[in-house]
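Here is a short briefing on one structure. Look at the sequence and the model first, then read on by topic.

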Amino acid sequence: MPQHQIFRDVTFYIVPKTNSKLLVHRKEIFKRHGATLRYSIPLESNRRNGTKITNIVVVLDEKLKKEEILRDLQMELSTLLLPVVNSAWVSEGIEKNTILPVDGYEIFLSPKIPNKRTLKRNAQDENDQKKTKLESQNKLESQEKPEVPPNQRILHFLKLMSDEYEKTNQTWKSQSYRKAIESIKNTAFNIRTYEQAIKLPHVGKSLASKIVEILQTNSLKQLQTVQRDPKLIVLAIFEKIFGVGTHTAEKWYYEGLRTLEDVKAEKYMGLSDLQKYGLQYYDDWSQRIPRVEGEKHDQYVRMACHKIDPQAEVHIMGSYRRGAATMGDIDFIITKKETKILELKGILRRLVADLEKSGYIKCQLRGVEKRGEIKSKLFCGAQLANYPFCRRVDFLVVPSDEIGAAFLYFTGNTTFNRHMRQRAIDMGLKLSNSGLYRVEDSGDPNTPREVLLESKDERTIFKLLNMEWRDPVERNFGGFEEEGKSVKAAGDF
DNA sequence: CGCCAGTGTTT
DNA sequence: AAACAC
DNA sequence: GGCG
Ligand SMILES: O=c1ccn([C@H]2C[C@H](O)[C@@H](COP(=O)(O)OP(=O)(O)OP(=O)(O)O)O2)c(=O)[nH]1
Ligand SMILES: [Mg+2]
């Protein structure tokens, strides 16, 4: 019953390109009302002409993040001129049988906080994940028969793919490749066929095909197309500045900045204190910390803490507790028996004051003292006398009744934490830095009731999750370091 | 087709 | 809500 | 991109 065909003269550019039953259905409705549907924007259509709407981007999936919308359109933000609206604009227009003004439906992809006076560029990403290293282009010599460590070529290219996706904030794809890599590492034989590949856990059709492609051509088409432009190298340098992530790095790049010197020269005024310190200590914080120096930090901080409160305890966590030979930073937990968070915050505040006075703490990146409120976390730069570098040091104060969960969290590594937390989810539980909880239905599905099961004791949390205890050294999961452990580890999950 | 860990802090 | 960090 |  297409009566007026209100969208007769309108072209919808649909996001996302991917289909699903629901989306197909909704698009049918759009067509019935006369809309022309397209999936990419021809150059000449990318403009607004007056108030009359003839071309418009319609986002059908409300959950899409702004950056994902842009990626789907394959548009650089600065070049997108068309209005972008959510699907309510369409459906309410249909109800009212008219083309509505976009006000109230428009999704603004660009500005958010006009920082000082800079401009355009926005949209953002998913969650987590750390820096990546740059790696040079591919091409391994074609070694025909026996690969001594099996599947080396395959692993090489899949790693490049994973890195590529991580750099472009496609975190789930990146994660998929990492899981496949782990899986292949645990494979004793040389994979030769699609059938062998697809049997492996975390290797599906797409990855199996890619594996075959690698075996046959010794390369991957997709990797060569994926422009390995100099841009990524610059972005990686920028993103290593503390306080600078993908968003800021990209913004700077589009403003024409290419080196740290460019940034210092042109942006210094506009930088946050965080980023200024990040620049100032860029070289220092790029250095690994020898384990022996970690011991010295431990002694030093422990002494200082003892003076403030002899009952307070200092523990080094992170990679140090996992037995690393070198660390990227130093992670402290400060705690005290039978003590609540408030008192501990006070201890941290005094400790920090002393450490600053003594010259150990060089700068606070995230302070104890912000706006009168005392925080339970401190990120800072700190240097021991007669040592060559300022180090990144993190303090976390933890009330004694959360100490087990906090140890678990702050010992890591990150991959181990995520595995363990996933296991909790699968058991209907939730594990966080404050405890292991049972998640119950409270009537309101948005705010389920969380009942604390355990938070004081690390070992009890392992038991409740039906896991064998692992010494911290056995928690170096995933990645490329110490995979001897992660082989067994992966099997356990 | 939804999930892929969960939290603290700042803007 | 986004950005950045652990 | 894989999985339940
Ligand atoms: O996204 C994150 C980051 C960190 N952590 C936990 C695990 C990690 O082990 C600990 C300390 O973080 P840090 O970044 O210091 O990692 P690390 O394991 O100590 O390694 P590095 O030697 O780089 O400091 O905090 C998480 O749970 N999730
Ligand atoms: Mg650390």
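Asp 394 counts as buried, because its relative accessibility is 8%, under the 20% cut-off. This is a predicted model.

- Asp 394 sits in strand E11, which covers residues 391-397.

**The magnesium ion**
- Asp 329 and Asp 331 coordinate the magnesium ion (ligand 2) through OD atoms.

**DNA strand D**
- The residues around DNA strand D include Tyr 165, Trp 172, Lys 173, Ser 176 and Tyr 177.
- Pro 201, His 202, Val 203, Gly 204, Ser 206, Leu 207 and Lys 210 also surround DNA strand D.
- By class, this surface has 6 nonpolar, 4 polar and 2 charged residues.
- Helix H5 (171-185) and helix H7 (205-217) each supply at least two residues of the surface.
- H5 gives the most, with 4 residues.
- Sugar or phosphate accounts for 72% of the atoms of DNA strand D within 4 Å of the protein, and bases for the rest.
- On the base side, a polar side-chain atom of Ser 176 lies 2.5 Å from a base nitrogen of DNA strand D.
- On the phosphate side, a backbone N or O atom of His 202 lies 2.5 Å from a phosphate oxygen of DNA strand D.
- A polar backbone atom of Leu 207 is 2.8 Å from a phosphate oxygen of DNA strand D.

**Domains**
- Chain A is divided into domain 1 (11-109), domain 2 (152-226), domain 3 (229-280), domain 4 (289-401) and domain 5 (409-474).
- The centres of domain 1 and domain 5, taken over C-alpha atoms, are 41 Å apart.

**Helix H9**
- Helix H9 (residues 230-239) is largely enclosed by the rest of the structure, because 7 of its 10 residues are buried.
- The buried residues of H9 are Lys 231, Leu 232, Val 234, Leu 235, Ala 236, Phe 238 and Glu 239.
- Helix H4 (152-167), helix H10 (246-254) and helix H11 (260-267) are among the elements that cover the buried residues of H9.

How values were computed: Residues are numbered from 1 along each chain as its sequence is written. Chains are lettered from A and ligands numbered from 1 in the order in which they are written. This is a predicted model: local features need pLDDT of at least 70, side-chain atom pairs count only at pLDDT 80 or more; totals for chains, interfaces and linings use all residues. Side-chain values use heavy atoms; hydrogens and water are left out. Domain bounds come from an automatic or database domain assignment. A residue is near a molecule or strand if one of its heavy atoms lies within 4 Å of it. A polar contact is a pair of N or O atoms within 3.5 Å; within protein, one must be able to donate a hydrogen and the other to accept it, and residues adjacent in sequence count only if both atoms are side-chain atoms. Ala, Val, Leu, Ile, Met, Phe, Trp, Tyr, Cys and Pro count as nonpolar, Asp, Glu, Lys and Arg as charged, and the others, Gly among them, as polar. Donors are N, O and S atoms within 2.8 Å of the metal (3.2 Å for Na, K and Ca); water is not among the atoms, so sites may look incomplete. Buried means under 20% relative accessible area, exposed over 50%, partly exposed in between (1.4 Å probe, protein chains only). Contact means heavy atoms within 4.5 Å.
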